[in-house]
Number of protein chains: 2
Amino acid sequence: MSANPNSTTISAQALRAWLADIFLRLKFSEEHAHLATDVLLMADLRGIDSHGVARLSGYIRLIEAGRINPTPNLQFTQRKRATGHLDADAAIGLISAPFAMQKALEMTHECGSGWVGISNSNHFGIAAYHAMMALPHNYIGFSTTNASPLVTPAGGAERMLGTNPICVAIPAGKELPFVLDMATSAAANGKLEIAERVNKPIPEGWALTKDGDNTQDAAALKQGGLLLPLGSDADHGYHKGYGLGAWVDIFSGVLNGANFGPWVPPFVSFLQPRADQPGKGLGHFVGCWDVDGFRDLQDFQNDMDLWIQRFKATQPAHGVESVIIPGEPEHHQSEYRKINGIPLVDAVVQDLINVGKQLQHPFNP
Amino acid sequence: MSANPNSTTISAQALRAWLADIFLRLKFSEEHAHLATDVLLMADLRGIDSHGVARLSGYIRLIEAGRINPTPNLQFTQRKRATGHLDADAAIGLISAPFAMQKALEMTHECGSGWVGISNSNHFGIAAYHAMMALPHNYIGFSTTNASPLVTPAGGAERMLGTNPICVAIPAGKELPFVLDMATSAAANGKLEIAERVNKPIPEGWALTKDGDNTQDAAALKQGGLLLPLGSDADHGYHKGYGLGAWVDIFSGVLNGANFGPWVPPFVSFLQPRADQPGKGLGHFVGCWDVDGFRDLQDFQNDMDLWIQRFKATQPAHGVESVIIPGEPEHHQSEYRKINGIPLVDAVVQDLINVGKQLQHPFNP
C-alpha cells in the first residue's frame, strides 16, 4: 500500500526474497541469483526506479531470446599487474560487473589501483553498485558502461551513443561517501517518459527530431528522435557532453572488444542487434584507486569531511534550501525505503505479476 | 604579420627560443626552462591561446610574489606499486605535472596503470600536454587540476570550484588520437572576456550575478559573479557539471593534500591566498592505462580507427559540415601554426614586450 494511488509499496525483504527465487527459476546459480537481486534492489532502494525491478521482464525476454546467458562461464584474463579483461560470455552486467570489480579490488590490494575492461556483456543496472564496492576498502571506485544508441554527437543528427554513465564513488570519514552517478546526456530517456505520461512538453535542449530539428515533444524518441548530450547546444558546451559519452563508449567498448557507437546491441528483445557488429555484446569498464596510495587515509578522511561540510554550507541560490552532495539524496532515499518499503508503480506491479505467473512463483505485493 | 590587424604573427621557433631564455632568466634550470616552454607553446600551437604565452606575465608576477618557486625541489613518494604522491615545492604546474606523469608512465610500464597525485603546485597550463605524454607509449593518458574558485555548485550562489578541467588522451592507429580536454563549467571565463571585448551579451546559462540571479552581462565575473557548471540549469542537468567539477576538485586537492574548493589559491598575484588554507598550493592528478593491459594493441587500434571513421561519418545536423572528433581541430590548428606561425593579439604582444624589457631580452615579433 502507498499514499500514491497509482503505486503499491512492498517491503525490501519481500521483494528481495521473491526476486532471488525468480532468478533461480531463470537458471541463475545461487550466487548469481543473490548478486543480481542485490544490484536490482539497490536501484529501487536508492530511488533509481528506472534501473530496478522495472527492468526484470525485459531481462527475461532477452534470456528467452538467447541474448542474455543465465549460466555464463566468465573468463577473466589478468594481462598486467593492475589490469585485466573479462569476457562475460553474454552474462547480464548485474553479474559481470561486480565480478570484474572484485578482480579490480584484488589488484588494488596489491598495486594501489586496479582496472578491468569487460566485453560480451549486457545491461549492468546502476553504475553506482559496482563503483561503491570500493568504499568498504577505503578505495575510490569507478565504473562506466556503454548502452544502446540514443544520443547524437554534438553537431550530428544520428543516434550514435548511449546515455553512457560515469560513476565515481569516493569514501569520506564521518560524512556520507561522495557518489557521482550520471548519464552523459542532458536528460535520460526516463525523464521523457515521465513528461509523456503527464502530457507535458519537454524543455528545449533534451532532444531532437529524427531530422535533427529542435523539439519539445516528449514522444520524440518514439518517433525516431535523438537525445542531446549534456550541455544541450553549441552555446552551452554540448561538445563536452559528447566528449564524455564518447570517452565512456571507447573505454567500455573499443578498449575491451565489445561493441561501440551505433553497433551497441539494443536493450529490448524486439529489436535485433546489427549483423555487422565489430565486437561482442556491450562493454563496461570498472576499477579503483586506493586512497592510501596517495595520502594517509586519516588525513584524507578529515579533509573529505571538511570538503563535504563546506560544500553543504555553500550560499544557496534563491529558493534552494541547500547545496546537495552527489549521492546524498540516494542514500537518504535508501535508508527511508529500507524501513518504509519500495513503492512500485502499477505498470511495474502488473509486469511482476505476469513474471510471477510465467515462472510459477506468484508476485503478491 | 597577420591578416588580423589586431594581431601579430610570430614563428613558433622564434617564440620558443625567446621563451626558453626568459625562463632561464627567471632562474629555471635548463631542463625546466625547456619543459615550461614546451608546455606553453603547445597551448599556443593548438589554438588554446588563453593558456599559452598570454599567461607568462602572470606567472612572473607570482614568482616575484614568492608564490611560484622557480627552483623547486620536487619530492616524489612512491606509495604503492602503481600510485604515488608528488609534493611540488611550489613549482609551476608546467613542470610538476609532466614530472609526475613521467613517474606514472614508469609505473604503467610495470603494472599496466600508474597514478600520481600532486600537491603544493601552481597553474599547469593545458591539461592535454600532460595526458598526451601517454600517447607515444600507446597508453591512455588522464589529467585533471583544480583551479581558483569561480564556479558555483548546482543550486548555489557562491564561487566554490574552478573551471576544473578533465583531459583524456586515447591513441588510435592510422587516425589522429582522441583528445578530450574540457572545462567542467558551461563556459570558460575566456569566453566571457571575448564577449565583453566585442560588447555582446552572453547567453543565459553561462553565469550568475554575485547574488545568484541570471545574467547576460559579459562583465558579470568582474562584478563578483559566478560561472555555472556544465548543464547551466536544473532542467539541463547542471548537477552533472557540478558533480564533474567536484570530482576533479577532490582528486586534485583532497586526495593529495593540496587546497580544494574555495581555498584554492587565486591565479593572480594581486589576490592573496586565504589565511585558513587546509592544504598546500593547488593540486593535480595524472595517470595512465596501457591499452595492452586490456586488449591486444593492434585490435584496439583497428577498432579505434573504425570508431573515429564512423563518428566522423555521423549524419550531420542542419548547417553542420561534419561531426568533430575531440582533439581534431586542435591538431590541425597546431599543424597549421607550426608552418604559418602563431598569431598573438596586441595585448599579449605588449605584455611580452614588457617582459622582454624587464628581463633584458627584448621581444621583437
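Which residue is the bridge partner of B:Ser143 in E6(B)? The bridge partner of B:Ser143 in that strand is B:Cys167.

## Basis of the model

The model is predicted: local features need pLDDT of at least 70, side-chain atom pairs count only at pLDDT 80 or more, and totals for chains, interfaces and linings use all residues. Residues are numbered from 1 along each chain as its sequence is written, while chains are lettered from A and ligands numbered from 1 in the order in which they are written.

## The sheet of chain B

Chain B holds an open sheet of 7 strands, in the order E2-E3-E4-E10-E5-E6-E7 and with mixed pairing. Strands (E, at least two residues) and helices (H or I, at least four residues) are DSSP runs, numbered from the N terminus; two strands pair if DSSP finds at least two bridges between them. The edges are taken by strand E2 (75-80) and strand E7 (178-182) of chain B; each has a single partner strand, so one side of each is left without a neighbour in the sheet. On average, neighbouring strands of this sheet are turned by 15° against each other, direction ignored. Axes are lines fitted to C-alpha atoms, for helices over the stretch in contact, and angles run from 0 to 180 degrees between N-to-C directions.

Strand E5 (residues 139-145) and strand E6 (residues 166-170) of chain B run antiparallel and are joined by 4 bridges. The pair B:Ser143 and B:Cys167 belongs to this pairing. H7(B) packs on the sheet, where it touches E5, E6 and strand E10 (282-290) of chain B, and its direction makes about 95° with that of E10(B). Contact between two residues requires that their C-beta atoms, placed from the backbone, lie within 7 Å.

## The sheet of chain A

In chain A, an open sheet of 7 strands has the order E2-E3-E4-E10-E5-E6-E7, and its pairing is mixed. Strand E2 (75-80) and strand E7 (178-182) of chain A are the edge strands, each with a single partner strand, so one side of each is left without a neighbour in the sheet. Neighbouring strands are turned by 15° against each other on average, direction ignored.

Within this sheet, strand E5 (residues 139-145) and strand E10 (residues 282-290) of chain A run antiparallel, joined by 7 bridges. A:Ile140 stands opposite A:Trp289 of E10(A). Helix H7 (residues 238-254) of chain A packs on the sheet and touches E5, strand E6 (166-170) and E10 of chain A, its direction making about 95° with that of E10(A). Helix H7 (residues 238-254) of chain B also packs on this sheet, touching E6 and E7 of chain A; its direction makes about 135° with that of E7(A).

## Helix pairs

In chain B, the axes of helix H1 (residues 12-25) and helix H2 (residues 30-46) come within 8 Å and cross at roughly 140°. H1(B) is therefore oblique to H2(B); angles under 35 degrees count as roughly parallel, over 145 as roughly antiparallel, 65 to 115 as roughly perpendicular and the rest as oblique. Residues making the contact include B:Leu15, B:Leu19 and B:Phe23 of H1(B), and B:Ala36, B:Leu40 and B:Leu41 of H2(B). By class, this contact of H1(B) with H2(B) has 11 nonpolar, 3 polar and 1 charged residues. Here Ala, Val, Leu, Ile, Met, Phe, Trp, Tyr, Cys and Pro count as nonpolar, Asp, Glu, Lys and Arg as charged, and the others, Gly among them, as polar.

In chain A, the axes of helix H3 (residues 56-64) and helix H10 (residues 346-358) come within 9 Å and cross at roughly 40°, which makes H3(A) oblique to H10(A). The contact is formed by A:Leu56, A:Ser57 and A:Ile60 of H3(A) with A:Asp351, A:Leu352, A:Asn354 and A:Val355 of H10(A). These divide into 4 nonpolar, 2 polar and 1 charged residues.

## Symmetry and the interface

Chain B is superposed on chain A by a rotation of 180° with 0.0 Å of shift along its axis (RMSD 0.0 Å). That is the relation of a two-fold axis. The superposition is by least squares on the C-alpha atoms of residues with pLDDT of at least 70 in both copies. Of the residues of chain B, B:Gly231 comes closest to the rotation axis, at 2.4 Å (C-alpha).

The contact between the chains takes 71 residues from chain B and 71 residues from chain A. Helix H8 (residues 297-312) of chain B supplies the largest share of the side of chain B that touches chain A, 8 residues. That side of chain B divides into 37 nonpolar, 21 polar and 13 charged residues. Of the interface residues of chain B, 100% are also interface residues in chain A, so the copies meet through the same surface.
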